[in-house]
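Work through these exercises with the model open beside you. Try each task before reading its solution.

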Amino acid sequence: MIAALVAAGLIGWWIVASPSIDQLVIQARDAIDHNDEKCAVWLTERILAQDPDHADGLLLSAVIAAEREEFEASVDFCERVTPKAGRAFSDARIMAGNISLERLGRVSQAERFFRELLTHDPENLIGNERLVYILNLQTRSWDLIPSQIRVLRQSTRAATDVQLLMRGELAYPDEDYVQ
């Protein structure tokens with residue numbers, strides 16, 4: 001009887017003392033912002049232990065892996081985010097596409113991620129801009145035209161600025177270049 005009461009008390013304490021997944025996400029973001037990698041890893045592991053498909057937990061894990069230059073792992077975490085996650089899905093596909101292109105040199109994989117994003121969110125400006133850039137790299141002019149039109153319709157940039165997307169070195173310039 002006493003053992004049951006003690007066990008019930010410990011379980012009750014654990015429930016009260018254990019933070020929710022949302023609280024863990026906030027703490028993990030703070031840890032990442034403060035460059036506390038060890039704490040961030042521990043928190044994201046706790047998030048994914050409670051919910052292996054938690055979109056924010058997967059994205060935070062992808063960020064940590066990318067910061068560690070574990071780009072394959074980062075892309076793997078991003079791939080696990082499902083379309084039902086909404087904005088997190090978009091962020092994950094953009095991150096996976098950028099890492100695939102810029103860090104892993106996998107143009108076709110990057111294109112696949114941006115196309116997946118645009119299948120679920122055809123008007124995503126970043127996805128369209130990045131797809132324009134990739135198609136231009138591959139000199140696929142006919143495939144390029146619909147994406148260019150979408151970018152022109154969506155963008156607050158002038159048409160001449162959108163044309164810069166076709167020149168890779170100017171598509172995403174260094175901050176010093178941007179005025």
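**Exercise 1. The whole chain**

Among contacts in the protein chain between residues at least 6 apart in sequence, what percentage join residues at least 24 apart?

Solution. This is a predicted model.
- Step 1: take the contacts between residues at least 6 apart in sequence; 47% of them join residues at least 24 apart.
- Step 2: list the elements. The protein chain has 11 helices and 0 strands.
- Step 3: check burial. The chain has 179 residues, and 38% of them count as buried.

**Exercise 2. Helix H3**

Then find what its buried residues pack against.

Solution. 
- Step 4: pick out the buried residues. In H3 they are Ala 40, Val 41, Leu 43, Thr 44, Arg 46, Ile 47 and Leu 48.
- Step 5: look at the spacing. An α-helix has 3.6 residues a turn, so residues three or four places apart point the same way.
- Step 6: find the partners. The buried residues of H3 pack against H2 (21–33), H4 (55–67) and H5 (71–79).

**Exercise 3. A serine in H4**

Is Ser 61 buried or exposed? Which residues does Ser 61 touch, not counting residues up to four places away in sequence?

Solution. 
- Step 1: locate the residue. Ser 61 is in helix H4.
- Step 2: its relative accessible area is 7%. Buried means under 20%, so Ser 61 is buried.
- Step 3: leave out residues up to four places away in sequence; Ser 61 then touches Thr 44, Leu 48 and Phe 77.
- Step 4: Thr 44 and Leu 48 are among the buried residues of H3.

**Exercise 4. Two helix pairs**

Describe how H5 packs with H6, and how H7 packs with H8.

Solution. 
- Step 1: H5 and H6 (residues 87–102) pack at about 155°, with axes 9 Å apart.
- Step 2: angles over 145 degrees count as roughly antiparallel, so H5 and H6 are roughly antiparallel. Their crossing is left-handed.
- Step 3: name the contacts. On the H5 side they include Phe 71, Val 75 and Cys 78. On the H6 side they include Ala 92, Met 95 and Ile 99.
- Step 4: turn to H7 (residues 107–120) and H8 (residues 125–137). Their axes come within 9 Å and cross at roughly 150°.
- Step 5: that angle makes H7 roughly antiparallel to H8. H7 passes H8 in a left-handed crossing.
- Step 6: H7 contributes residues including Ala 110, Phe 114 and Leu 118 to the contact. H8 contributes residues including Leu 131, Ile 134 and Leu 135.

**Exercise 5. Cysteines and positive phi**

How many disulfides are counted? Where do Asn 35 and Glu 69 lie?

Solution. 
- Step 1: count sulfur pairs within 2.5 Å. The count comes to 0 disulfides.
- Step 2: check accessibility. Cys 39 is partly exposed at 27%, whereas Cys 78 is buried at 0%.
- Step 3: Asn 35 lies in the loop between H2 and H3. Its phi is positive, about 55°, although Asn 35 is not a glycine. Asn 35 is exposed, at 67% relative accessibility.
- Step 4: Glu 69 lies in the loop between H4 and H5. Its phi is positive, near 65°. Glu 69 is exposed, with a relative accessible area of 59%.

Note on methods: Residues are numbered from 1 along each chain as its sequence is written. This is a predicted model: local features need pLDDT of at least 70, side-chain atom pairs count only at pLDDT 80 or more; totals for chains, interfaces and linings use all residues. Side-chain values use heavy atoms; hydrogens and water are left out. Buried means under 20% relative accessible area, exposed over 50%, partly exposed in between (1.4 Å probe, protein chains only). Helices (H or I, at least four residues) and strands (E, at least two) are DSSP runs, numbered from the N terminus. Contact means heavy atoms within 4.5 Å. Axes are lines fitted to C-alpha atoms, for helices over the stretch in contact, and angles run from 0 to 180 degrees between N-to-C directions. Angles under 35 degrees count as roughly parallel, over 145 as roughly antiparallel, 65 to 115 as roughly perpendicular and the rest as oblique. A crossing is left-handed if the near helix is turned anticlockwise from the far one by less than a right angle, and right-handed if clockwise.
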